[in-house]
Amino acid sequence: MLDADIKAQLAQYLEMMEGDVLLKVSVGEDKVSREMASLVDELATMSSRIKVEMVDLERTPSFSVNRIGEDTGITFAGIPLGHEFTSLVLALLQVSGRAPKVDEKVIEQVKNIEGEFHFESYISLSCQNCPEVVQALNVMSVLNPNITHTMIDGAVFKEEVESKNILAVPTVYLNGEPFSSGRKSLEEILAEMGSGPDASELADKDPFDVLVVGGGPAGASAAIYAARKGIRTGIVADRFGGQILDTAAIENFISVNRTEGPKLAASLEEHVKDYNIDVMNLQTAKRLEKKDLIEIELENGAVLKSKSVILSTGARWRNVGVPGEAEFRNKGVAYCPHCDGPLFEGKDVAVIGGGNSGIEAAIDLAGIVNKVTVLEFASELKADSVLQERLYSLPNVTVHKNVQTKEITGTDSVNGITYIERDSGEEKHIELAGVFVQIGLVPNTDWLGDAVERNKFGEILVDKRGATNVPGVFAAGDCTDSAYKQIIISMGSGATASLSAFDYLVRN
Ligand SMILES: Cc1cc2nc3c(=O)[nH]c(=O)nc-3n(C[C@H](O)[C@H](O)[C@H](O)COP(=O)(O)OP(=O)(O)OC[C@H]3O[C@@H](n4cnc5c(N)ncnc54)[C@H](O)[C@@H]3O)c2cc1C
């Protein structure tokens with residue numbers, strides 16, 4: 001099951017195990033069962049700390065990872081390789097006694113949770129958003145005996161996935177009921193369970209010199225530049241990491257040949273935490289007001305004050321805004337082809353949008369699904385010609401240009417899409433199981449209202465120093481009217497805004 005490279009890596013990790021671990025394995029005669037049995041055997045031969053017992057578990061094939069004499073509640077239903085390989089390694093290490101790399105405060109929070117919580121996470125092995133959820137729920141199981149977690153590979157347990165009508169991963173069930181969908185950190189899961197940070201802790205904070213709103217590449221860069229000046233710096237973010245959390249491969253972050261978004265997000269967080277920066281994650285700003293100081297009010301009611309503010313709230317997927325889109329979100333309407341593509345294996349899907357992201361999505365999906373239909377509003381695709389050539393070389397892709405999506409139809413989940421041919425006005429309907437919306441991004445600036453000047457797209461207007469029309473308020477990254485939206489550009493503009501904020505503080 002394991003190639004030489006992975007085995008070599010694994011051997012190093014297994015040496016770090018601190019105690020014995022018992023794998024309870026439930027396998028049958030099917031192919032996946034045989035592969036799972038072979039993986040477990042390999043693990044046991046690689047470390048004398050790993051013991052194996054054959055049992056009957058709720059799902060076959062599956063195996064649980066336990067302390068000797070005590071079940072932890074961690075079960076893998078499916079083979080945790082691919083993106084879940086790290087989840088397997090961490091489960092083995094943590095169950096063996098190695099402390100998880102999590103803040104002490106969060107560990108205490110998890111230990112103090114009362115009641116029985118049985119989580120089930122439905123994943124696909126190609127989903128790069130899934131491991132964070134799997135690993136967070138495993139940590140919770142390791143720390144609290146009343147919490148269990150089973151990772152379920154949707155490709156192995158197809159009937160279960162279909163009966164629950166799961167069309168997006170990761171999807172998490174808690175005690176048999178839907179709990180959450182999409183990427184979630186441990187802190188986000190705790191907040192969703194009602195165990196999040198307290199508003200009163202935030203409300204009592206002293207004013208900042210620089211308060212950064214937004215924790216993507218622009219915000220992280222702005223905060224680090226500010227902290228390096230030795231001034232009181234805070235960063236408030238709805239979801240630390242920003243868009244790169246949803247990005248697969250990054251190959252244009254200069255000096256790093258190739259990385260993955262979540263990995264870069266983890267490095268950003270580590271770098272920010274190296275400095276004396278007050279990081280307030282999972283907090284959403286809802287109002288900015290300039291008084292003597294600048295006030296940022298959060299959704300939870302707390303008001304933060306600062307002498308200067310850097311807005312770096314980035315952007316989010318643009319919705320197509322037709323009937324059916326909101327109703328069938330995660331029930332056939334998807335935005336992340338890398339994550340959700342495998343759930344449409346063998347089915348027909350549409351991609352709305354003929355720009356680079358739409359055509360990249362269509363090419364990716366064509367390798368998994370039965371048929372891809374691309375719908376483009378304009379009379380020509382806007383994607384780079386190299387992508388178009390690749391697209392048109394694929395046998396299972398149809399492109400409709402000059403068409404307007406009218407409705408995404410369905411009952412419990414998507415069953416089709418209706419569009420209008422703009423030339424003739426004729427209405428057409430295609431039966432399909434999924435719609436991937438890829439029509440660009442919209443800036444996260446609605447919450448600002450008229451407090452700061454924005455253009456007709458909602459982008460914050462900035463000068464070459466990153467200054468907005470409000471003295472002391474600066475902006476950077478994808479939320480601004482910068483010509484291009486890229487990681488390296490966002491980081492650069494975060495640095496510019498931060499140096500300008502420092503200059504402003506010196507002069508005022
Ligand atoms: C699928 C995909 C692939 C991409 N691939 C690449 C690539 O290969 N190379 C590349 O250079 N770029 C790529 N990009 C673009 C790149 O990710 C963005 O340009 C970059 O992340 C912008 O950084 P930012 O900090 O300005 O905004 P974001 O990354 O959007 O971060 C915004 C931050 O603000 C927070 N926030 C939003 N609203 C609020 C609020 N009201 N209160 C508090 N916090 C808030 C968010 O939670 C987040 O922390 C890709 C983007 C996508 C979506």
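In which sense, right-handed or left-handed, does α3 pass α5? I looked this up before anything else.

**Entry 1: basis.** I note that the model is predicted: local features need pLDDT of at least 70, side-chain atom pairs count only at pLDDT 80 or more, and totals for chains, interfaces and linings use all residues. Residues are numbered from 1 along each chain as its sequence is written. I take helices (H or I, at least four residues) and strands (E, at least two) as DSSP runs, numbered from the N terminus.

**Entry 2: α3 and α5.** I found that α3 passes α5 in a right-handed crossing; right-handed means that the near helix is turned clockwise from the far one by less than a right angle, left-handed that it is turned anticlockwise. The axes of α3 (residues 85-95) and α5 (residues 130-143) come within 10 Å and cross at roughly 15°. Axes here are lines fitted to C-alpha atoms, for helices over the stretch in contact, with angles from 0 to 180 degrees between N-to-C directions. The two helices are therefore roughly parallel to each other, a term for angles under 35 degrees, whereas over 145 is roughly antiparallel, 65 to 115 roughly perpendicular and the rest oblique.

I then listed the contact, which requires C-beta atoms, placed from the backbone, to lie within 7 Å. From α3 I recorded T86, S87, L90, A91, Q94 and V95, which meet P131, V134, Q135, N138, V139 and V142 of α5. This contact holds seven nonpolar, five polar and no charged residues. For these classes, Ala, Val, Leu, Ile, Met, Phe, Trp, Tyr, Cys and Pro count as nonpolar, Asp, Glu, Lys and Arg as charged, and the others, Gly among them, as polar.

**Entry 3: the eight-stranded sheet.** I read the order of this open sheet as β2-β1-β3-β4-β6-β5-β7-β8, with mixed pairing; strands pair if DSSP finds at least two bridges between them. At the edges stand β2 (50-54) and β8 (177-181), each pairing on one side only. On average, neighbouring strands are turned by 25° against each other, direction ignored. Strands β5 (residues 117-123) and β7 (residues 171-174) run antiparallel and are joined by four bridges; F119 has L174 in β7 as its bridge partner.

α3 touches β1 (21-26), β3 (62-67), β4 (70-77) and β6 (147-153), and its direction makes about 30° with that of β3. α5 packs against β4, β5, β6 and β7, at about 150° to the direction of β6.

**Entry 4: the strands around β16.** I found β9 (residues 208-213) parallel to β16 (residues 303-311), with five bridges; V213 is opposite L311. β15 (residues 294-298) pairs with β16 in the antiparallel sense over four bridges, and E295 is partnered by K305. Their hairpin has four residues between the strands, and G301 takes a positive phi near 100° there. β27 (residues 473-475) pairs with β16 in the parallel sense over three bridges, with I310 opposite F474.

**Entry 5: the ligand.** How many residues surround the ligand? I recorded 34, the closest being G214, G216, G242, G314 and G477; a residue is near a molecule if its C-beta atom, placed from the backbone, lies within 6 Å of it. By class, the shell has 13 nonpolar, 16 polar and five charged residues. At least two shell residues come from each of α9 (217-227), β10 (233-237) and α14 (487-507).

Methods
Two residues are in contact if their C-beta atoms, placed from the backbone, lie within 7 Å.
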